[in-house]
Amino acid sequence: MARRQTGIIRRILRGLGFRLVFPIGTMPVPYHPLVFPLAIAGLIGWLGLTIAGTLDRVGEGPIWWQPIAPFLVLGVLMSLPIVAWAAMVFRAPLLQGLLGAAIPLLVAVEVLTGTLPPAWLVLPVAYVAVFVFQAWYGPRWLAQVKTRNEAFEPVEPGQATLALQFRTGQPQNLLDDIDAARIWARKVTGKDGYLVHRLTLEDADRIEAARPSRLPRSWQLSRRESWAVLVQSCAEPPADSIPVWDRKARAPLWCVTGLREFAVRIDGHTLRLHQGAAKLVGWLPLFVLFHWTAIFGGRSEWHIGFPRTRVEKVEFDSQQANSALRSLFASRPESGGTTDTTHVDEIIAHFEKLVAEERSEADALIARQEEFWSELPSLADLPKELKPVQEALVSKPEAVDHGRLGDVLDWLERCRDRPSQAGFYRACALLDTFPDEVLLAEGARIATIFNSRRIALQWNIAHVPDPDKLPPRTPVCAMNTAGFGVFRGYPHIYQRLGDVLPQMAGVNEGLAREYADPEPGLRTAGTIRSL
């Protein structure tokens with residue numbers, strides 16, 4: 001019965017012209033085409049009657065404040081997520097804009113009738129003046145921007161460093177497009193920055209030859225087909241760098257919004273380019289105040305002032321992000337263009353200093369090897385204070401006491417039995433420092449350690465049909481894996497032992513066959529970082 005009555009009511013409302021609209025997703029909002037015209041007519045009628053009443057009730061007290069309450073209520077509704085979409089159906093911005101315009105209009109009427117003192121006339125005069133300035137000067141300022149963009153001559157920075165005064169994740173990409181030698185940029189997070197150098201392959205070879213065994217932290221040298229890129233940590237830009245900005249453009253009295261300004265300061269002059277969707281005020285002096293909250297993409301932003309109903313695109317290459325930023329500078333020619341030749345010797349000198357410091361530090365650590373060997377018999381995983389000693393011995397094989405091979409083999413067996421994957425990899429690195437003739441003397445014992453599927457292989461347990469059929473005592477490691485995977489993660493040690501020890505040749509052949517026809521769950525791709 002209730003459903004039947006609901007159907008009847010629904011048909012009656014539909015016959016009267018009501019319908020459902022869906023401003024967002026499947027959220028229904030009842031709507032009638034006459035709601036908005038009646039609201040506008042009622043608002044204009046109320047304003048007319050209020051003005052007429054003001055003329056009849058001169059001196060009885062001001063009423064200009066009456067539109068403020070509904071003006072603010074509409075602003076709150078349009079600032080609430082979801083509710084704002086329903087408010088847009090009923091043209092709430094236009095209704096609020098009319099209420100906002102009514103306030104200075106009522107102030108002007110009440111000043112003219114003597115209800116308010118003459119000083120209050122400042123409000124409507126300022127309101128009209130700002131609107132006229134924005135509506136008149138906005139298009140002219142935008143035309144000047146477009147003219148400057150068209151007449152802009154790209155800057156050629158040469159060997160100067162470009163200092164980006166904004167955060168960016170990949171300044172290397174910018175260096176690929178513009179003919180510059182070096183860029184400084186601030187990291188996306190934190191306060192520090194870094195320098196990106198574009199180098200010739202020859203200079204990269206010189207740096208590679210001079211660099212320490214490990215590049216300093218936050219340094220990276222990578223090669224391309226015909227050039228190389230060096231990234232180095234650098235907290236602040238060099239003193240002689242050229243600042244570059246990417247910021248929100250500021251037009252006089254906000255006559256135009258929505259543009260980005262890309263600027264470079266060189267020789268005491270600031271050169272600018274603009275890009276974006278320029279928003280200009282419409283031709284009706286309405287006033288709005290609300291905060292639009294984007295919930296399905298877009299950008300949340302305040303809408304304050306005269307509505308921006310006109311939009312003009314100002315762009316360069318729309319297929320490329322920040323194309324105006326790239327257009328500030330000369331494009332990199334296909335021949336390769338400018339590379340950093342000024343700072344290469346400085347980098348090499350810095351590396352030579354680091355190498356000297358590294359050698360001094362390594363000698364100091366190697367002097368502690370007796371401490372290392374004395375504590376090793378009780379360890380599988382190395383404590384933090386002994387790891388640098390092991391790394392120093394690996395980096396300088398000639399300093400390793402060859403009589404300590406037995407201690408290293410004991411270490412490997414402890415790591416196998418406890419188990420410790422990280423310790424086993426470190427022991428492998430130390431084993432690799434012993435000469436062939438020393439390894440041959442212990443060939444049978446070495447082959448016994450490495451002739452082990454649970455040491456050489458690694459399985460993804462989630463993909464193994466029956467984990468109970470894995471080799472006995474297979475260690476379970478991190479990331480749902482079983483086995484140390486040394487044959488895959490440190491292939492050099494198996495290759496070397498196979499070349500030196502006759503006992504290992506058959507072991508390597510068997511492991512290679514397992515990788516050629518892997519059983520379910522056996523990990524064969526990728527490598528584990530050797531320690």
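Pro419 lies in the loop between α13 (405-417) and α14. In this predicted model, the peptide bond that joins Arg418 and Pro419 is cis. Its omega is about -10°.

Helix α19 runs over residues 491-500. Its buried residues are Ile493, Tyr494, Arg496, Leu497 and Val500. They cover an arc of only 165° around the axis, which puts them on the same side of α19. Gln495 and Asp499 are on the other side of the helix, and both are exposed.

Leu253 is not a glycine, yet its phi is positive, at about 55°. Trp254 lies in the β8 to β9 loop as well. Its phi is near 55°, again a positive value in a residue other than glycine. The surroundings of the two residues were examined through their accessibility. Leu253 is partly exposed, with a relative accessible area of 39%. Trp254 has a relative accessibility of 60% and counts as exposed, because the cut-off for that class is over 50%.

These local features belong to a chain of 20 helices and 16 strands. The chain has 531 residues, and 42% of them count as buried. Its radius of gyration is 38 Å, whereas a compact globule with this number of residues would have a value near 24 Å. Along the principal axes, the C-alpha trace spans about 115 × 80 × 45 Å.

Contacts in the chain were considered between residues at least 6 apart in sequence. Of these contacts, 65% join residues at least 24 apart. The accessible surface comes to about 28800 Å². Carbon and sulfur atoms account for 58% of that surface. Among the side chains, 57 are positive and 56 are negative. The centres of the two sets of charges lie 13 Å apart.

Note on methods: Residues are numbered from 1 along each chain as its sequence is written. This is a predicted model: local features need pLDDT of at least 70, side-chain atom pairs count only at pLDDT 80 or more; totals for chains, interfaces and linings use all residues. Side-chain values use heavy atoms; hydrogens and water are left out. Helices (H or I, at least four residues) and strands (E, at least two) are DSSP runs, numbered from the N terminus. The radius of gyration is taken over C-alpha atoms; the globule rule is 2.2 Å times the number of residues to the power 0.38. Buried means under 20% relative accessible area, exposed over 50%, partly exposed in between (1.4 Å probe, protein chains only). Contact means heavy atoms within 4.5 Å. Accessible areas come from the Shrake-Rupley method with a 1.4 Å probe; for residues, only the protein chains shown count as cover. Lys and Arg count as positive and Asp and Glu as negative; His and the chain ends are not counted. The place of a charge is taken as NZ of Lys, CZ of Arg, CG of Asp or CD of Glu. The arc is that of the directions from the helix axis to the C-beta atoms.
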